Amino acid sequence: MSKTQKIVPEQLAKTCFHCGEQCAVEVIAFDEKDFCCAGCKLVYEVLMESDLCTYYTLEQNPGGTQRGVSSRANRFDYLLDQEIVHKLIDFENETDSHVTFTIPLIHCASCIWLLENLHQLNEGIISGRVDFLKKSVHIKFRHEHLTLRDLVVLLSSIGYEPAINLADIASKPAKSVDKKLIFKLAVAGFCFGNMMFFSLPEYFSEAELLADNFRGLFNYLNVLLSLPVVFYSATDYFKSAWMALRRRIVNMDVPIAIGIITLFLFSLYEIFIVGQEGYLDTLGGLLFFLLLGKLYQQKTYDTLAFDRDYKAYFPVAVTRVKRGMEEVIPLTKLSVGDIIRVRHEELIPADSILIEGEAAIDYSFVTGEEVPVLKRLGELVYAGGRQKGSAVTLTVQKSPSQGYLTDLWNNEAFLKKKEASLESLATRISGKFTVTVLLIAFAALAYWSFTDVSLGVRAFTAVLIITCPCALAMSTPFTLGNTLRIFGQGKFYLKNAEVIERMAQVDTVVFDKTGTLTNPAEASITYEGEPLTQQTKGIVKFLVNQSTHPLSNRINSWLEDVSVELVAGVTELKGKGLLGYYKGQEIRLGSDTFTGAKATDGLAGNQVFVAVEGEVLGFFWIQSGLRPGISDVVNRIGAGRKIHFLSGDHGHEREHLVNVFGSNVVMNFNQGPADKLKYVKKMRRRGRHVLMIGDGLNDAGALRESHVGIALTAAASNFSPASDAIMDASALSRLPAYLEFSKLSKTIIKASFGLSFTYNAIGIFFAVQGLVSPVFCAVLMPLSSISVVIFTTVTTNYLAYKRGLKTKIM
């Protein structure tokens with residue numbers, strides 16, 4: 001079989017065997033397979049040599065493209081620093097080390113298979129275990145045979161480079177895992193199952209299944225099984241109820257705690273005093289279903305990070321130039337005065353002065369402006385920008401912890417916890433519910449006490465038993481848990497269930513313009529007028545090179561391959577345009593009033609005119625790249641809500657935006673990060689319930705301050721600011737439906753409350769008459785709980801399907 005490589009013309013338009021992308025520039029044929037780049041071919045060779053080509057049989061084209069991926073292995077040299085290694089390692093002993101990496105490219109069964117067979121690539125690797133939902137892999141390796149740097153180089157060589165950032169090595173509290181809840185659920189489930197088994201003879205009391213002495217034994221065994229349920233599994237409810245009563249309020253856990261205590265004590269009375277069977281099996285079922293609902297809700301939103309700061313955006317290492325030689329050092333060791341080299345698509349790690357190279361800095365994630373800004377030698381370049389183009393050399397002016405980005409994170413909005421959104425609907429109802437139940441119970445006691453005191457006590461206790469609100473307590477977590485799951489399937493990830501309740505209250509929606517309403521990929525620029533010669537284009541390119549205005553940057557990008565012509569005496573007049581002289585002729589580039597032109601009416605977007613010696617040659621027509629269908633999204637959200645736009649751009653597109661979105665939208669331009677934060681604060685003080693949606697680091701303060709903050713991102717695994725929710729950009733069109741479904745979720749909860757109240761009413765009818773038997777109690781209460789779970793799950797999924805939020809009902 002031939003192993004030679006040959007370049008095939010582009011017009012064959014073949015698909016890469018590794019990543020599935022079109023071979024747009026060239027086709028590299030190797031081993032009778034086609035690859036789009038040398039990187040994809042290299043990954044295939046590595047896997048083939050290790051006999052791991054099963055990777056390609058599990059899924060078609062499973063790999064991520066390696067086009068444009070840096071092949072410089074020395075960029076991982078910072079992982080030789082033992083201080084960094086110790087912070088990244090999860091566990092280490094004399095021979096082995098354990099580490100967990102986030103790998104955004106994990107997306108299919110082939111990825112999982114390959115990462116769990118890494119030991120076949122290197123004998124120093126013991127095992128790999130993938131967490132698909134978190135897109136992470138936990139690797140055990142022998143550090144005597146394989147360093148952490150070599151492990152990362154290996155992962156990168158097969159197309160699964162880990163996403164390592166500054167937040168990974170910062171000292172942060174470990175993510176808490178509520179193992180106690182799992183243990184309590186396990187104990188409750190074990191005891192409940194055995195109690196049901198021991199109670200079977202009572203469920204079929206008319207049939208003589210056991211002798212009387214065995215009945216008593218089984219009742220005593222149920223008492224033993226109930227002890228861990230009451231004194232371990234139920235402790236959280238007791239603590240919560242006690243804390244609520246100390247604050248003189250009644251929360252949802254108060255009636256639950258009363259029901260548990262009543263059920264337990266009355267069952268002991270029935271078993272040891274009266275000689276009956278009691279209700280301990282019902283007690284076990286009550287705790288099991290309550291804890292199951294709590295765990296379900298917790299697991300639904302436990303896989304995403306929502307409280308990320310600037311450290312999650314910064315790299316771990318930077319390239320420092322010392323005595324003419326490059327070295328990769330940890331960012332934490334970068335000092336003022338160091339000379340650093342930043343290459344294409346790399347991040348500026350600290351406020352620095354440009355000393356060599358042509359810098360085109362993309363500040364879109366910091367300032368919201370989507371077009372790269374040109375920087376001259378000697379100018380200050382702020383941290384957080386991304387270099388576009390060839391490598392540049394800079395000298396550090398401020399440490400990473402003192403730069404522009406960290407000033408943003410020192411705002412008080414990030415130093416305080418967001419207050420509880422609202423009092424839980426279940427908590428409000430539970431207070432009234434408890435009072436009502438106690439009144440009915442005491443009324444039954446008083447009524448029967450005139451004729452039969454023992455019957456009165458039995459009726460009093462039975463009312464408390466039969467109306468224990470476990471179904472009421474499960475309505476909220478199961479409904480909101482299903483809603484969280486449905487939203488997550490639609491690429492809208494909420495931090496917790498409280499966010500759904502806050503979304504239902506929203507009356508004001510604030511959009512960041514750049515990157516949220518607009519999409520740089522959708523922007524367009526055309527030229528209208530006399531055809532421009534190459535010389536004139538060169539003159540225009542030189543002019544726009546001297547400006548940082550976003551319109552100048554767009555024209556500069558449009559003239560990308562044009563050679564510049566030297567223009568003398570260039571002056572930029574703010575708000576007007578650019579003036580210069582070419583071979584004695586006056587050249588003007590700017591607005592209609594500045595150039596003496598007449599603007600063309602009816603054109604959406606911006607018009608930048610070109611004039612030579614007072615004669616207008618034509619104009620550049622620059623249209624904003626609004627997301628497809630965004631006007632419909634804004635109009636639907638605006639039904640019954642106030643809409644505001646905030647933008648870091650100048651107001652040159654106000655008229656166009658008014659034509660698209662209408663005059664009812666409040667628009668504010670030239671808004672920096674602090675301005676956006678103040679704007680949201682002002683609306684909150686006016687009593688507005690604000691939803692803020694943005695995509696950049698400059699929106700982070702406003703997102704944090706808002707009632708609900710949604711970070712828009714191209715991928716949920718990528719960096720996004722601290723927020724209450726993360727939304728994939730592709731899901732933005734469904735935001736109106738999500739807001740309406742949040743309101744609908746509360747309606748479902750209320751309906752499930754009604755169902756629970758119906759069961760309680762039936763139970764009370766029998767309980768006040770003293771007619772409750774163990775069979776009736778054991779059947780009615782679990783039936784109430786199960787029916788509420790089924791009702792909330794089916795109703796939530798069905799209504800989501802009817803509103804287009806799901807492709808199938810279940």
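The paragraphs below lead from the whole protein to a few of its parts.

This is a predicted model, in which local features need pLDDT of at least 70 and side-chain atom pairs count only at pLDDT 80 or more, while totals for chains, interfaces and linings use all residues. Residues are numbered from 1 along each chain as its sequence is written, and side-chain values use heavy atoms, with hydrogens and water left out.

The protein contains 27 helices and 29 strands; here helices (H or I, at least four residues) and strands (E, at least two) are DSSP runs, numbered from the N terminus. Of its 810 residues, 52% count as buried, where buried means under 20% relative accessible area, exposed means over 50%, and partly exposed lies in between, with a 1.4 Å probe and protein chains only. The protein exposes about 36900 Å², and carbon and sulfur atoms supply 56% of that area; accessible areas come from the Shrake-Rupley method with a 1.4 Å probe, and for residues only the protein chains shown count as cover. Among contacts (heavy atoms within 4.5 Å) between residues at least 6 apart in sequence, 66% join residues at least 24 apart.

With this overview in place, we can turn to a sheet. Three strands form an open sheet in the order β13-β12-β15, and their pairing is antiparallel; two strands pair if DSSP finds at least two bridges between them. Strands β13 and β15 stand at the edges, each with a single partner strand, so one side of each is left without a neighbour in the sheet. Strand β12 (residues 359–362) is joined to strand β13 (residues 373–375) by three bridges, and here A359 stands opposite K375. Two bridges join β12 to strand β15 (residues 386–387), where R386 is the bridge partner of D362. In a regular strand the side chains alternate between the two faces of the sheet. In β12, A359 and I361 point one way, whereas A360 and D362 point the other way, and all are buried.

Next come the aromatic rings. Rings of Phe, Tyr and Trp (its six-membered ring) pair if their centres lie within 6.5 Å, and planes under 30 degrees apart count as stacked, over 60 as edge-to-face and the rest as tilted. By this rule the count comes to 16 aromatic pairs. F17 is partly exposed, with a relative accessible area of 25%, whereas F35 is buried, at 0%. Elsewhere, ring pairs link F487, F492, Y738 and F741 into a cluster.

A charge sits over a ring if NZ of Lys or CZ of Arg is within 6 Å of the ring centre and within 35 degrees of the ring normal. The charged end of K33 sits over the ring of F17, 5.4 Å from its centre. K33 lies in strand β3 and counts as partly exposed at 23% relative accessibility. Leaving aside neighbours within four places in sequence, K33 is in contact with F17, I28 and Y44. K33 and H18 are 15 residues apart in sequence and 9.2 Å apart in space, from C-alpha to C-alpha. In another part of the chain, R588 lies over the face of F594, at 4.6 Å from the ring centre.

Where in the structure does K583 lie? K583 has its place in the loop between β21 (577–582) and β22 (585–590). K583 has a positive phi of about 55° although it is not a glycine, and this residue counts as exposed at 70% relative accessibility. E613, which is not a glycine, has a positive phi of about 50°. The place of E613 is in the loop between β23 (606–612) and β24 (615–623), and E613 is partly exposed, with a relative accessible area of 47%.

A last stop is S136, which lies in strand β7 (residues 136–142). S136 is buried, with a relative accessible area of 10%. Apart from neighbours within four places in sequence, S136 is in contact with T100, F101, T102, I103, I106, R129, V130 and D131.
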